[in-house]
Amino acid sequence: MSEVKIFSGTNSQSLAERVAKNYGKKLGDLTLSKFSDGELSPSFNESIRGCTVFLVQSTTPPSDNLLELCLMIDAAKRASAYKVCAVIPYFGYARQDRKDRPRVSIAAKAIANMITSAGADRIMTCDLHAGQIQGFFDIPLDHLNGSAIFVPYLNSLRLPNMLFAAPDVGGVARARAYAKHFEVEMVVCDKHRKRANEIASMQVIGDVEGKDVILVDDLVDTAGTLCKAAQIVMEKGANSVRAIATHGVLSGKAYENIENSVLEELVITDTISPKQQSSKIKVLTVADLFAKAIHAVTGNTSISSLFI
């Protein structure tokens, strides 16, 4: 078995350190130089010849971080790494997974091609916005599930009248999986958008009266949808409302929206490092989940045990 080494891009340093520690390794030594015009130049400060290399990098903000990841992969291949696995806790551009209107790109497929062309032998990620993105890659992809993090936390809350809600129609399958696991009901918040990040109208399909509602999503960006759904759910007679979302993108006025919302709490993971603190935001770590997945991949064992 080749030696395993774990390195981090600049965007996921703290998470990568926790992943490496949980795996039982020290984080590898890598330097990212930047020219005055913005050009990036990653270099490994230790030998990786014949090693299985894991490169941890979430791609948000996408442009520099995505390019940095591709250059890290290329540098590792040219340094004679045996295998290179791109560990992308949050896969940027995943929301652009289809042509939903004329003359637009399928960005998720284009990014998949870029990463593969750079030389990655394997991808490891968590809660893609759409499961079919796995098929955009022609190399093995390990798609981890945030439920392994959220289910134990939800169990600890001991909510008496738990009910799950999808904040939009696209999240129905995700909410249904949680409802099935906990053997409770679910509802759907049906929204209509004027344009990206702006909601025109929303309605709740189902009964939430007297329930402790948990909104389930893969990511929260401006938090507009989440906060609107929470408000409507409470207006419909819910006892309480909180939200879980794997990826805390939290751009624009997200923190302000969450603080001013009726949400009791928003629970996210550290696939993306939080930009600031908030009394309503709780962060759970995915470090152990990724460390166990790396153990499984390097040991050629199943990752099925990591799913709930």
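## Strands and the place of Thr 246

A strand here is a DSSP run of E with at least two residues, and strands are numbered from the N terminus. Strand β12 covers residues 240-248, and Thr 246 lies in this strand. The structure is a predicted model.

Is Thr 246 buried or exposed? The cut-off for buried is a relative accessible area under 20%. Thr 246 has a relative accessible area of 1%, so this residue is buried. The side chain of Thr 246 makes a polar contact of 2.4 Å with the side chain of Asp 127. With neighbours within four places in sequence left aside, the residues in contact with Thr 246 include Cys 126, Asp 127, Gly 146 and Phe 150. Asp 217 and Asp 218 are also among them, as are Ile 268, Thr 269 and Thr 271.

## Two domains

The domain assignment divides the chain into domain 1, residues 4-144, and domain 2, residues 147-284. Taken over C-alpha atoms, the centres of the two domains are 28 Å apart. How many residues does each domain bring to the contact? Domain 1 brings 13 residues and domain 2 brings 11 residues.

The size of an interface is often given as the accessible area lost when the parts come together. For domain 1 and domain 2, the area buried between them is about 1000 Å². Of this area, 46% is on carbon and sulfur atoms. Within the area that domain 1 buries against domain 2, 46% is supplied by Tyr 90, Arg 95 and Asp 127, more than by any other three residues.

Two salt bridges are counted between domain 1 and domain 2. Arg 95 and Asp 221 form a salt bridge in which the closest N and O atoms are 2.9 Å apart.

Which element gives the largest share of the side of domain 1 that touches domain 2? Helix α1, residues 13-23, does, with three residues. By class, this side of domain 1 has five nonpolar residues, five polar residues and three charged residues.

## Salt bridges

The structure as a whole holds 15 salt bridges. In one of them, the side chains of Arg 18 and Asp 270 meet at 2.7 Å, N to O. This pair links distant parts of the chain, 252 residues apart. Arg 18 is in helix α1, whereas Asp 270 is in the loop between β13 and β14, the latter being residues 281-284. Arg 18 has 34% relative accessibility and therefore counts as partly exposed. Asp 270 has a relative accessible area of 5%, so this residue is buried.

Another salt bridge joins Arg 78 and Asp 74, with the closest N and O atoms 2.8 Å apart. Where do these two residues lie? Both are in helix α2, residues 62-78, and they are four residues apart, about one turn of the helix. Arg 78 is exposed because its relative accessible area is 68%. Asp 74, at 26% relative accessibility, counts as partly exposed.

Asp 217 forms a salt bridge with Arg 174, and here the closest N and O atoms are 3.8 Å apart. The two residues are 43 residues apart and belong to distant parts of the chain: Asp 217 to strand β11, residues 212-220, and Arg 174 to helix α5, residues 172-182. With 12% relative accessibility, Asp 217 counts as buried. Salt bridges with shared partners join Arg 174, Asp 217 and Asp 218 into one network.

## Two buried loop residues

Pro 167 is in the loop between β8, residues 162-166, and α5. Its relative accessibility is 0%, so Pro 167 counts as buried. Pro 167 and Ala 243 are separated by 76 residues in sequence and by 9.5 Å in space, C-alpha to C-alpha.

Ser 261 is in the loop between α7, residues 254-259, and β13, residues 266-269. At 11% relative accessibility, Ser 261 counts as buried. A polar atom of the Ser 261 side chain lies 3.2 Å from the backbone nitrogen of Leu 263. Apart from neighbours within four places in sequence, Ser 261 is in contact with Cys 227 and Lys 280.

Terms used: Residues are numbered from 1 along each chain as its sequence is written. This is a predicted model: local features need pLDDT of at least 70, side-chain atom pairs count only at pLDDT 80 or more; totals for chains, interfaces and linings use all residues. Side-chain values use heavy atoms; hydrogens and water are left out. Domain bounds come from an automatic or database domain assignment. Contact means heavy atoms within 4.5 Å. Buried area is the accessible area (1.4 Å probe) that two parts lose on being put together, summed over both. A salt bridge is a side-chain nitrogen of Lys or Arg within 4 Å of a carboxyl oxygen of Asp or Glu. Ala, Val, Leu, Ile, Met, Phe, Trp, Tyr, Cys and Pro count as nonpolar, Asp, Glu, Lys and Arg as charged, and the others, Gly among them, as polar. Buried means under 20% relative accessible area, exposed over 50%, partly exposed in between (1.4 Å probe, protein chains only). A polar contact is a pair of N or O atoms within 3.5 Å; within protein, one must be able to donate a hydrogen and the other to accept it, and residues adjacent in sequence count only if both atoms are side-chain atoms.
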